[in-house]
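Thanks, everyone. I'll take a few minutes on charged side chains and the sheet around them. Here is the model.

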Amino acid sequence: MKKFDVKQIRKDFPTLSQKVNGKPLVYLDNAATTHKPNFVLDAMIDYYEKHNANPNRGAHYLGVSATELYENAREKVREFINAKSNKEIIFTRNATESLNLIAYSYGMKYVEEDDEIVVCISEHHSNIVPWQKIANLKKAKLKFIYLNEDYRLNMDEVYTKITDKTKIVGIAQMSNVLGTVYPVKQIVEYAHSKGAITIIDGAQSAPHIKIDVIDINTDFLVFSGHKMLGPMGIGVLYGKEELLEEMPPFLMGGDMIEYVEEQNTTFAELPHRFEAGTPNVEGAVGLTAAIDYIEEIGLDNINTHGHKLTSYALEKLMAIPYVKIYGPKDLDNRGAVISFSVEGCHPHDVSTIVDTYGVALRAGHHCAQPLMKYLNAPATSRISFYIYNTKSEIDIFIDSLKNVRKWLGYGS
Ligand code: 7TS
């Protein structure tokens, strides 16, 4: 494992050397998407310059080369999450598409009237809206696990909400708003004891925490490449082979078939059955490079760095009397995402003002409106860190934040 050296790492990211509004960019919106190192950008250019072809089709040199790169990416992802087989790795556009695939394929086949689907109140819309649709279509019930006052989850709430009627339990391993990291292994174990299957949304956790699907024993896992240094437009669905084997295809067309007759079709083997149409080879190549880059630095180092920055930022934010933090205030089971509000200021004003100091943060409902309603907060501001962020960037952010209320006419 390489020594963790932020100065060196920053040199790999061309976007970070830009100025914004005349100030050095301080990018604190990594939960939305991360920037891409040259290693990833170069891999994608190399693909187009030397290998570009439509995979799984022609037997010509480039076609074989593109197919190899695409399948190497599948192997890379399999290793990354310790899945048993490449058949269990399906490439999608993003975590959202992966969740929709599970809902439309597994949900439509297995959910029945009066069944229950259980999700956490802090889910991203992509792990709520597809289930609302399935619940409506099937006359099933969508139930929510609520949180404690410290924004953590009490296992008693899990034991109450997951019942013998529960068919599906879906939970993000790390909340994109609160930063809370949930005890997914225990939740999976309990869901299984009640006969339910489990979906872990790893969109926020995969970039920071080593995920071992065999150890967690989840039935499905989803994540997006773009939140872990990879390009946009490539996502992953992991599913246990025995479940995927029994699931109907989600999208129909080229590449996912075995034989097509005028009126009937038989479908391809896994994983191709779930990958209709020309795949995103460029994205898969970029994701391979991103995983290589992350593994070179080491997920343990990345997680430790995130914790250091989070602890520093929490301390600074808690020292400001008019700032309220939405999320755990210590590092116990918590990731590198901090949501907060500034008394008397709309989060959009906060982000617009800090932007003039070069600071990029996110404001709004973070695609988690049910959580916002539960927290009684119409919107929050959010900072989120990744490998290239530094304590001095947090200092710049805190200084800019201290100017927000002055700008808006408050004394301090
Ligand atoms: N699940 C979680 C936990 C997320 O944070 C997000 C995106 C998604 C799913 C969807 O990912 P996508 O790649 O399919 O869009 N979260 C955010 C965010 O917090 N700010 O912008 C996107």
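D115 is buried, at a relative accessible area of 11%. Buried means under 20% relative accessible area, exposed over 50%, and partly exposed in between, with a 1.4 Å probe and protein chains only. A word on provenance: this is a predicted model, where local features need pLDDT of at least 70, side-chain atom pairs count only at pLDDT 80 or more, and totals for chains, interfaces and linings use all residues. Residues are numbered from 1 along each chain as its sequence is written, and side-chain values use heavy atoms, with hydrogens and water left out.

What does D115 pair with? It forms a salt bridge with K167, with the closest N and O atoms 2.7 Å apart. By salt bridge I mean a side-chain nitrogen of Lys or Arg within 4 Å of a carboxyl oxygen of Asp or Glu. D115 sits in the loop between helix 4 (95–110) and strand 5 (116–120), and K167 is in strand 7, so the pair ties together parts 52 residues apart in sequence. Helices (H or I, at least four residues) and strands (E, at least two) are DSSP runs, numbered from the N terminus. K167 is partly exposed, at 23% relative accessibility.

The whole structure has 19 salt bridges. One of them joins K161 and E157, closest N and O atoms 2.6 Å apart. These two are 4 residues apart in helix 6 (residues 155–161), about one helical turn. K161 is buried at 15%, and E157 is buried at 17%. Next, E97 and R93: a salt bridge at 2.8 Å between the closest N and O atoms. Here E97 is buried, at 16%, but R93 is exposed, at 52%. E71, R74 and E275 are linked in a network.

The D201 side chain does reach the backbone nitrogen of A203, at 2.9 Å. That is a polar contact: N or O atoms within 3.5 Å, one able to donate a hydrogen and the other to accept it, with residues adjacent in sequence counting only if both atoms are side-chain atoms.

D201 belongs to strand 8 (residues 197–201). The open sheet has 7 strands, in the order 4-10-9-8-7-5-6, with mixed pairing. Two strands pair if DSSP finds at least two bridges between them. Strand 4 (89–92) and strand 6 (141–145) stand at the edges with a single partner each, so one side of each has no neighbour in the sheet.
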